[in-house]
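Dear colleague,

Please find below the structure that I am handing over to you, together with its sequence.

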Amino acid sequence: MWLLDKFLGKVIREGRLSVTDHDGKTYDYGDGPEAPLKIKLTNKKAANHIARYPQMGAGEAFMWGWLVVEEPHDIRDLLLFVTANTKRIGDSAIQAQGPLKKIAQKIGAAVDGINLRSSARSNAEHTYNLTRELYERFLDEDRQYTMAYYREDDPTQTSLEQAQMDKKAHLASKLYLQPGKTEGMRVLDIGCGWGGFGLYLNKMYGVEVLGVALAPDQIKFCNERAEAAGVADKVKFELLDYRDVEGQFDRISSVGLLEHVGTIHYPQFFEHTNKLLKDDGVMISHCCGRAGPPGATDAWTRKYIFPGGYIPALSELVSQSEKYGFEVMDVEGMRFHYSHTLEEWYNRTVMHREEITDMYDDVFYRMWLFYLAGAEQSFRNGGMINWQLQYVKDRAAIPMTREYMHHESARLREVGEIPTWRFDQGIKEAAE
């Protein structure tokens, strides 16, 4: 307990935390007036495991039942409490301790970011080929697995479903698709997820869409949706690596894709998408990002959630795209939208605890809670935000000012409809 006691004694300044070790001895931290947040360590290895690498150690200890948060609090409360305290000293407080461990972490993150064709599909399947029923339990009706867009200062005034619809309108407006002038236009949606954005673009503009991704069940589900909507001739989804896409497109979108590309492959990504985009085309990218300089993905997330994943800094996205003929015309930093989204996903996961543990087990359920709560704290207390970038090959491809974005997103919000059907009712019933 010595290392963990030293760590917590240094970190906790606001609020109160009480830790009971496996031997029954209790340690108290902080001197706030409120009742302490209480945790128990049930295994004699837990304290040392957490102290040596707080991010990996805490995650595994919670998954394995070595770390138990006492009611009325939960793991989300604990992570937000600790990281709110560590903000003053930076993320290094919860990262690997010791120079050798830090070097090993950086090397591991760099190696894991190499997404060759042989590994890209297995990495995608690890993340996205979990049972459909899992995602039905915590995502919105359209199964958007990226940041929602909260237009109100108080996120509780907006449903997740509405915020995800507003996100699609916000993104679509940046593609500069003019109503009535889109006949014959083709859109490539790289990393198409469960097809929601591609289907939305077709519904709102009548454009032809090709969506590509590497998770088989995602693509199967996308095509089921397109068939059910009666637009399979216009909206097609293929199990295909973006590097193998051929042809020319008027617009390209990548939403939640660049986090899986790997920095070593950014040159290939921008070179190939530049070839695919027409000279007067527009490309948008939406991804998780760092508000500061380049860094490394923590080992717990790489091991359990997003193998091969890396969250880029803005400098990496801009500098690489410039080398291959792109001009960046618009950059928007989305600050707390994802923390609100993740909080809602977490609450919905807790709501469906029994069903999720029946699908998997208690270890998986705790892993998923730690992932969602850990990601939320990164966007709420850490240095993570979302980047939305607009790229063109010819600056004449878009209007002089960005007012068109505001007008178009408002129009789309007015005509858009929030889905009223649930995935667990089935595709066939949705079509009816």
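**Salt bridges and sheets**

K220 is partly exposed, with a relative accessible area of 49%; buried means under 20% relative accessible area, exposed over 50%, and partly exposed in between (1.4 Å probe, protein chains only). This is a predicted model, in which local features need pLDDT of at least 70 and side-chain atom pairs count only at pLDDT 80 or more, while totals for chains, interfaces and linings use all residues. Residues are numbered from 1 along each chain as its sequence is written, and side-chain values use heavy atoms, with hydrogens and water left out.

The side chain of K220 meets that of E224 in a salt bridge, at 2.8 Å from N to O; the term stands for a side-chain nitrogen of Lys or Arg within 4 Å of a carboxyl oxygen of Asp or Glu. E224 is also partly exposed, at a relative accessible area of 23%. Helices (H or I, at least four residues) and strands (E, at least two) are DSSP runs, numbered from the N terminus.

By this rule there are 24 salt bridges. One of them pairs R380 with E343, whose closest N and O atoms are 3.3 Å apart. Because R380 belongs to helix α16 (residues 362–380) and E343 to helix α14 (residues 337–351), this pair ties together parts that are 37 residues apart in sequence. R380 counts as partly exposed at 23% relative accessibility, and E343 does so at 25%. Through shared partners, salt bridges join R76, E343, E376 and R380 into one network. E136 and R143 form a further salt bridge, with 3.4 Å between the closest N and O atoms, and here both residues are buried.

Turning to the sheets, 7 strands form an open sheet with mixed pairing, in the order β7-β6-β5-β8-β9-β11-β10; two strands pair if DSSP finds at least two bridges between them. At the edges stand β7 (235–239) and β10 (327–334), each with a single partner strand, so one side of each has no neighbour in the sheet. Direction ignored, neighbouring strands of this sheet are turned by 15 degrees against each other on average. Strands β5 (residues 186–190) and β8 (residues 249–255) run parallel and are joined by 4 bridges; the bridge partner of I190 in β8 is S254. Helix α11 (residues 266–276) packs on the sheet, where it touches β5, β8, β9 (277–290) and β11 (384–392), and its direction makes about 145 degrees with that of β9. Contact means heavy atoms within 4.5 Å, and axes are lines fitted to C-alpha atoms, for helices over the stretch in contact, with angles running from 0 to 180 degrees between N-to-C directions.

A further open sheet has 4 strands in the order β2-β1-β3-β4, again with mixed pairing. Its edges are β2 (26–29) and β4 (67–69), each with a single partner strand, so one side of each is left without a neighbour. From one strand to the next, the twist averages 20 degrees.

How is β1 placed in this sheet? β1 (residues 17–20) runs parallel to β3 (residues 37–41), with 4 bridges between them, and S18 has K38 as its bridge partner in β3. β1 and β2 run antiparallel, also joined by 4 bridges, and form a hairpin with 5 residues between them, where G24 in the turn has a positive phi of about 90 degrees.

With kind regards
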